[in-house]
Structure formats: C-alpha cells, structure tokens
Amino acid sequence: MKEFKFPKGFYFGGATAAYQCEGATKEDGKGEVIWDKYLREQGTINPDPACDFYHRYPEDLELCKEFHINAIRVSIDWARIFPEGEGRIEPRGVEYYHKLFKKCHEEGVEPFVTLHHFDTPQALQDKGGWLSQEMLDAFVEYAKFCFKEYAGEVRYWITINEPTSMAGQQYVGGTFPPAYKDQFDKCFKAEYNQNLVHARIVNAYKEAGYTGQIGIVHALQTVYPATDSEGDKHAAELKDVLENKFYLDGTLAGKYSKHTLALVKEIIDANGQQMIDIKPEDEKVLLKAAKQLDFVGVNYYFSKFMKEYHGDTEIIHNGTGEKGTDVNRMKGVGEEIHPKDLPATDWDWIIYPQGMYDQLKRVYDDYPLVHSIYITENGMGYKDKFEGEDKIIDDTPRIDYLKQHMEEVAKAIEAGIPVNGYFVWSLQDMFSWTNGYSKRYGLFYVDFKTQKRYAKKSAYWYKKLAETREIPPVD
Ligand code: GCO
C-alpha cells in the first residue's frame, strides 16, 4: 500500500484481559469467577500465574512506552472488587486498579477498560448468569461503582467484551462454563439480556454526566456463502444473525429488524425450542443507548464460509481444534467449510483480511448511528519458538498477518470509515481460554517459568508502525 499515513492521534494499542493475564486468582481477597471452578474441574489450564500481570504490570507498561504503544486494553475482574458479584466490596481489589491506571498514565498509555471480559463471578453464575435478573442488576451496580471510583482515571469504557463468544460458547458451542450445547433459545435469551444490560449501563453513564466515552466490543466474523446457491446464501444469513447481527441491531441500531427476528425464530424453531420474548419497553432502552453510544469496538480474527446443511445430526466444534480436525455444523444454521485456497492458523482460523474491510464497511453503512470505531482485537495465534536469550523470536507469519490486516484498516479509513485506533491481540503472551498456553498471540514473548519478557520480531515491526504511522514492510 502506497503512502498511507495513519492520522495523528490514532491509537496503536495492545490488548489484554484480566483473567488471561493477571494470575493471582486467590490474592487480595478476590472472589471466584466461573473459570476458576471450570478450569479446576477440567484440570487443563492453570490460570496461575498466567503472565503475572497482577504484579508485573509496571514492566509491561514500561515496555509499551519503549515500543511507542500508546494505548492498552485492560479489563477489571469484577470479583476483585465485588468478591460475590454484589454487596461486599474488597478495598484491595479497588486499590489495585487505581495503581494500574496511575501507571498507565505515567507511561503515557491510554487505558481502554472493559467491565466484563468473560469472567462472571461464580456467585452470580450460580443464580443463572446472563439469564438471571439478579446478575443483570448486579452488573449495573458494579458498572456504576467503577464509573464513580475511577472517574478521571479512565476515559474509555467498554461494557462487555465479545458477548457473542460468551453466550454462544456457554449455550451452543459448549466450550465456556457452564458449557451447555445446542441451547439456541437460551443463547438468544442471554444475547437479548446482554444487549439490554449494556444499554442500561450506557444510559446510566450518560445520565451521570461523565465526560469520557463508552462503547461495547463485538467479535465480528464476516460470513460469506460458499457458493451462489440460495441455500448457501441463506445459511450465511442465519450464521450472521447468530454471530453478529442480533448484537449489531440491539446495540448499534437500538432495534431488532423484522428480518433479524425472523431468522432468530427460524434457528430456534429448527431446534424445537421456544422463541424468546421481545418487549417494546426494552427497545426504548436500547434505542436511547444506541443514540448515545460513543464507539463500537470490533474484534476481527477470521471469516466464515457457509454451506446449506440438511443432515439432522449436529456436530459442533467451534474453532477449538488443532489443524484439520475442526468441523462446524449447526442444526438450523448450516455447515462451515474451508475454501481450499485460503490459508489458516494452526487452529484452523481462516485468514481472510478482506473480511476485516467488509465487516467495517457493513458496520458503518448499515448502522448510521455509528460514528467511531476501534479495532479492539486482531492478531494471530502462533506456536512461537524461543531459541535463546540472544536470538530475536522470529514470528514473521504474525507480522504478515498484522500487516495484511492493517492494510485493510488503512483502506477503510481512506474510504471514510471512522476507525480511530487498533489494538493487537495480544500485548504479551498469556493463555487462551480454550487452547491454553501453547497458543501465543503476544508482541512480547513470556517465558512462563521465569516470567521474563522478550520482544518478538513483531514488536519491533509494530514499534516502527506506531513511530512512523506508516505500515512497514514485513522485513
Ligand atoms: C484466545 C482468543 C482471544 C481471547 C480474547 C477474546 O484464543 O484466547 O483468540 O481472542 O480469547 O479474550 O476477547
């Protein structure tokens, strides 16, 4: 791409999430979250010490400064502040985030702070999680507490990270606790509740008159039909409504279109379940929030290609498998296929940079209330190899991935789409919810035994990008 320069003030960030990086899951009075119980029972991933961000955040933020990374996505672990999700407050947890934000500002790194990044307090999950009114009300109270406590320290708030991964994997895919499968009615009910509680929080933030910005982060997968057949086109529409459109309508338009609801009903009916209730009074809340929303965050990793599926046995395996093993069929939706000519990561995530542009264009064109977009996650899982203290870790395939996607962002900006920042997932290596420690995403390699950080080749590439605001070549 020739002579493109990202605008001044553009954020070149790195993304993290509390539970994936902090470790210290039992420290300073922190309460239990759904992953503590689940990972203990599964015996697969030990969330401690992760990359020990709880103690090593100063070093990570100093690295940000050194590498010209001027923003960081962090999340607050709800159960550090409210160990039971509601009621009693733990002052040590409250204090920790004050220290973290202070350090961010000292290093000139703008914090973008997520309130919920997959780590529901266990006490609230026991009451029904996203399906319970008590959890929703507790979420609003926790959000209001944070707004007041950290006012002046946090200028960018994110209500929920990837609600689709949460609801989809809790009720359909079965890879997030409590790991139910094929419960499309509950999945859409959880989605409905997430949209609504997000809107209540946005409205509360605005009513209180804070001057910062508030948004939501969606994981958007761009869905294409595998062929031009009507059946494949329809399968793509169904998949899109399940993964993207129900959320986009709810949070960015503030209203579910008739077509969206018809597709939702079709999926639920095909699975012999009960259609969810859409209440007109809830839509008023959604619309008010959509009109006041400051930005939308887009997490983009891959695109999906859909084929009509006629079989009646469902095999669901949602993107967790090692290469070649990933099958993804959903009853009432369709079957994902992998076009032969498209590359994929070691976890079979199809690499399709064009999908990033198409998705940004869709969000901007189809949702006129949207006026500011951040790429809040984009990156590549890779089995990085450490070859000694004196050798720079060569992650050229990741640089290639980042470069191709940055070019799509640049294309979007040139087309007038207001993208104001980009966050690499992830700043440093941490663990992946379903793939553990072997799936590394970081710009900085973490030796999980010593907790030492090493800049990968991609970190130097990113530094150059942030310094010059121009996309450097791969080598
Ligand atoms: C992983 C994912 C990441 C994170 C992130 C999502 O493998 O862990 O690729 O995207 O899950 O927390 O917001």
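Residues are numbered from 1 along each chain as its sequence is written. In this predicted model, local features need pLDDT of at least 70, side-chain atom pairs count only at pLDDT 80 or more, and totals for chains, interfaces and linings use all residues.

Helices (H or I, at least four residues) and strands (E, at least two) are DSSP runs, numbered from the N terminus. Two strands pair if DSSP finds at least two bridges between them. Eight strands form a closed barrel, in the order β1-β2-β3-β4-β5-β7-β11-β12. The pairing in this barrel is parallel. Neighbouring strands are turned by 25° against each other on average, direction ignored. Such angles run from 0 to 180 degrees between N-to-C directions, and the axes are lines fitted to C-alpha atoms, for helices over the stretch in contact.

Strand β12 (residues 419-425) pairs with β1 (residues 11-15). The two run parallel and are joined by five bridges. Tyr 11 lies opposite Gly 421 of β12, and Phe 12 lies opposite Tyr 422. Strand β12 also pairs with β11 (residues 373-377), in the parallel sense, over three bridges. Here Tyr 374 stands opposite Gly 421. Burial was assigned by counting neighbours: a residue is buried if 20 or more other C-beta atoms lie within 10 Å of its own, exposed if 12 or fewer, and partly exposed in between, with C-beta atoms placed from the backbone. Six of the seven residues of β12 are buried, so this strand is largely enclosed by the rest of the structure.

A second sheet is open and has four strands. Their order is β6-β8-β10-β9, with mixed pairing. The edge strands, β6 (222-225) and β9 (329-330), each pair on one side only. Four bridges link β6 to β8 (residues 303-307) in the parallel sense. Within this pair, Thr 222 faces Ser 303. Helix α10 (residues 230-253) packs on the sheet and touches β6, β8 and β10 (334-337). Contact requires C-beta atoms, placed from the backbone, within 7 Å. The direction of α10 makes about 165° with that of β6.

Helix α9 (residues 184-207) has 24 residues. Its expected span is 1.5 Å times one less than its number of residues. That gives 34 Å, which agrees with the 34 Å between its end C-alpha atoms. Of the 24 residues of α9, 17 are buried, and the helix is mostly covered. Gly 209 follows α9 and has a positive phi near 80°.

The residues around the ligand include Asn 161, Glu 162, Glu 377, Trp 425 and Trp 433. A residue counts as near if its C-beta atom, placed from the backbone, lies within 6 Å. The shell divides into three nonpolar, six polar and three charged residues. Ala, Val, Leu, Ile, Met, Phe, Trp, Tyr, Cys and Pro count as nonpolar, Asp, Glu, Lys and Arg as charged, and the others, Gly among them, as polar.

Some backbone sites deserve mention. The peptide bond from Asp 48 to Pro 49 is cis, with omega near 0°. Pro 49 lies in the loop between α2 (34-42) and α3 (53-66). In that loop is also Ala 50, whose phi is positive, near 50°. Ala 50 counts as buried because it has 27 C-beta neighbours inside 10 Å. Another cis bond joins Pro 177 and Pro 178, with omega about 5°.

Terms used. Contact = placed C-beta atoms within 7 Å.
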